[in-house]
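Please keep the sequence and the model open while I talk.

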Amino acid sequence: MKTPVQGFSKLSKTEKIDWIATNCTKDPENTKRLLEQFWNADPKVQKLHDEFIENTISNYYLPFAIAPNFLINGDYLAIPMAIEESSVVAAASKAAKFWLERGGFKAEIIGTEKVGQVHFIYKGDKEKLSGFFNFVKPELLKSVASITQNMEKRGGGINNIELRDLSGKIKGYYQLHCTFETLDAMGANFINSCLEQFAKTLKEQALSFNAFTDKEKDIEIVMSILSNYVPNCLVKAEVSCPVSDLGNADMPSEEFAEKFVQAVNIANIEPYRAVTHNKGIMNGIDAVVLATGNDFRAVEAGVHAYAAKEGQYSSLTHAKIEDGIFKFWIEVPLALGTVGGLTSLHPLVKLALEILQNPTAKELMQIVAVAGLAQNFAAVRSLVTTGIQKGHMKMHLLNMLNQMGATESEKQQLVTYFKDQTVTNASVKEALEKIKSE
């Protein structure tokens, strides 16, 4: 791209592709063919995908996989996962099978409260502002009645509005801290609509509040937006069994349990380890969040903030041995929805939710937390026994062979060969070259 383009969003899809191919790639015709290869064969489905976001030129595929044999609160589930990383689905499946024979996973909802804030600047007497808030709070709620009526009919709505004084951190800075219950909807649009109306009403009512001076009446609204930090929208998932039931071929059960607990404890106090530890948890969480059409970026942001809630970044999971019982659990904030957004539009999202037996938002929170716990169990188990690379590199083998241009016959031979050999890029390359030379 040598010069900026004007009016790109107004171009047709074909014109966008022509411009990109001509100005940004070395082989325009090949670029066009590649983009078209990933279009859906059904024009209606493709149009649906084109309208999800702006400036669409094709579809970007991720593998859509299933991790079976999850026993959660007594119910059997196969969990859909959308992810590109090798070994994630295999690890989750292996953990599911392991705990299937030991009572399965237990999960419970701790809370479902979500948060939004109106941030504003007020230059005046704090006591007057407090009095104004007590006066205006009923007006704020009344002003959003048309927005909240349907949500309230279903049992949701606004939980509370608080005035918070943060002027000690930024001069004149205050906020309306608002909490919501959005039921099966993730609720972003609902929350933001309420907040923007709150801001409008706050500013309007201030202009006619007699106790304010002219300067105090001039409240400056900075912004109104939901928060992706939802520490009270919390779910817990856990597994437990007698230490003696942790049967592991690589080491005695007692030693395995103790090393496992130590590994989790290290992630609790060492941020360098905690980040990678939690990344493994998010492999499982993000894969299910993405497969079910939820916002994995929002989930990631909220989860990592929660991991640092005590002032230092630490593990999201915990483990202990007590009276001969091994217990492993996670508490994680998850703002998820099963209605709205892509859930009724994207064909594979609808299928994923059907595979999960059309869960409520609370049920989906539990499923996602279990997926994260399972992923973490599998990762830590590998780390304290065989090491992470043995299993991961075996799963990565086919990717390496595809990059090296191996034929199907060569892949089959090398998969067999590396069943008991160490997989590295150099060893795979050497073995492939040896086969090709024979």
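**Cysteines and the interior**

Let me begin with Cys-194, which is buried at a relative accessible area of 0%, where buried means under 20% relative accessible area, exposed means over 50% and partly exposed lies in between, with a 1.4 Å probe and protein chains only. Before I go further, please note that this is a predicted model, in which local features need pLDDT of at least 70 and side-chain atom pairs count only at pLDDT 80 or more, while totals for chains, interfaces and linings use all residues. Residues are numbered from 1 along each chain as its sequence is written, and side-chain values use heavy atoms, with hydrogens and water left out.

Cys-194 sits in helix H7, which covers residues 188-207; helices here are DSSP runs of H or I with at least four residues, strands are runs of E with at least two, and both are numbered from the N terminus. What does Cys-194 touch, not counting residues up to four places away in sequence? The answer is Val-144, Ile-147, Thr-148, Ile-158 and Phe-180, with contact meaning heavy atoms within 4.5 Å. Along the chain, Phe-212 is 18 residues apart from Cys-194, and the C-alpha atoms of the two are separated by 25 Å.

Thr-148, one of those partners, belongs to helix H6, residues 145-153, and is buried with a relative accessible area of 2%. Seen from Thr-148, and again leaving out residues up to four places away in sequence, the contacts are Ile-158, Phe-190 and Cys-194.

How many disulfides does a search of the whole structure find? The search finds zero, a disulfide being a pair of cysteine sulfur atoms within 2.5 Å. For Cys-178, the closest cysteine sulfur is that of Cys-194, at 8.6 Å, and so it is too far for a bond. Cys-178 is buried, at 0% relative accessible area, and Cys-241 is buried as well, at 4%.

**The nonpolar cores**

Moving on to the packing, a nonpolar core is taken as a set of buried Ala, Val, Leu, Ile, Met, Phe, Trp, Tyr and Cys residues joined through side-chain atoms within 4.5 Å. The largest such core has 96 residues, and those with the most contacts inside it are Phe-70, Leu-176, Phe-198, Phe-326 and Leu-334. Helix H13, residues 361-384, supplies the largest share of this core, with 13 residues. Apart from this core lies another, of 11 residues, which includes Leu-401, Val-428, Ala-431 and Leu-432.

If we look at Phe-70 and set aside its neighbours within four places in sequence, its contacts are Asp-75, Tyr-76, Leu-77, Ile-79, Ala-92, Ala-96, Phe-105, Val-370 and Ala-374.

**Charges and the surface**

Side chains of opposite charge can pair when their charged atoms come close. The rule used for a salt bridge is a side-chain nitrogen of Lys or Arg within 4 Å of a carboxyl oxygen of Asp or Glu, and by this rule the count comes to 14.

One of them joins Lys-32 to Asp-18, with the closest N and O atoms 2.9 Å apart. This pair links distant parts of the chain, with Lys-32 in helix H2 and Asp-18 in helix H1 (residues 13-24), 14 residues apart. Asp-18 is partly exposed, at 31% relative accessibility.

Another salt bridge pairs Lys-47 with Glu-51 at 2.4 Å, N to O, and here Glu-51 is exposed, at 53%. Lys-320 and Glu-322 also form one, at 3.8 Å from N to O; Lys-320 is partly exposed at 31%, as is Glu-322 at 48%. Through salt bridges that share partners, Asp-18, Glu-29 and Lys-32 are joined into one network.

Leu-34 also lies in helix H2, residues 28-37, and is partly exposed at a relative accessible area of 44%. Together with Phe-38 and Tyr-61, Leu-34 makes a nonpolar surface patch of about 290 Å². Patches are made of residues with over 30% relative accessible area and no salt bridge, like charges being joined within 9 Å and nonpolar side chains (Val, Leu, Ile, Met, Phe, Trp, Tyr) within 5 Å.

**The whole chain**

To finish with the overall picture, the protein has 16 helices and 10 strands, and buried residues make up 45% of its 438 residues. The protein exposes about 22800 Å², of which carbon and sulfur atoms supply 52%, with areas from the Shrake-Rupley method and a 1.4 Å probe, only the protein chains shown counting as cover for residues.
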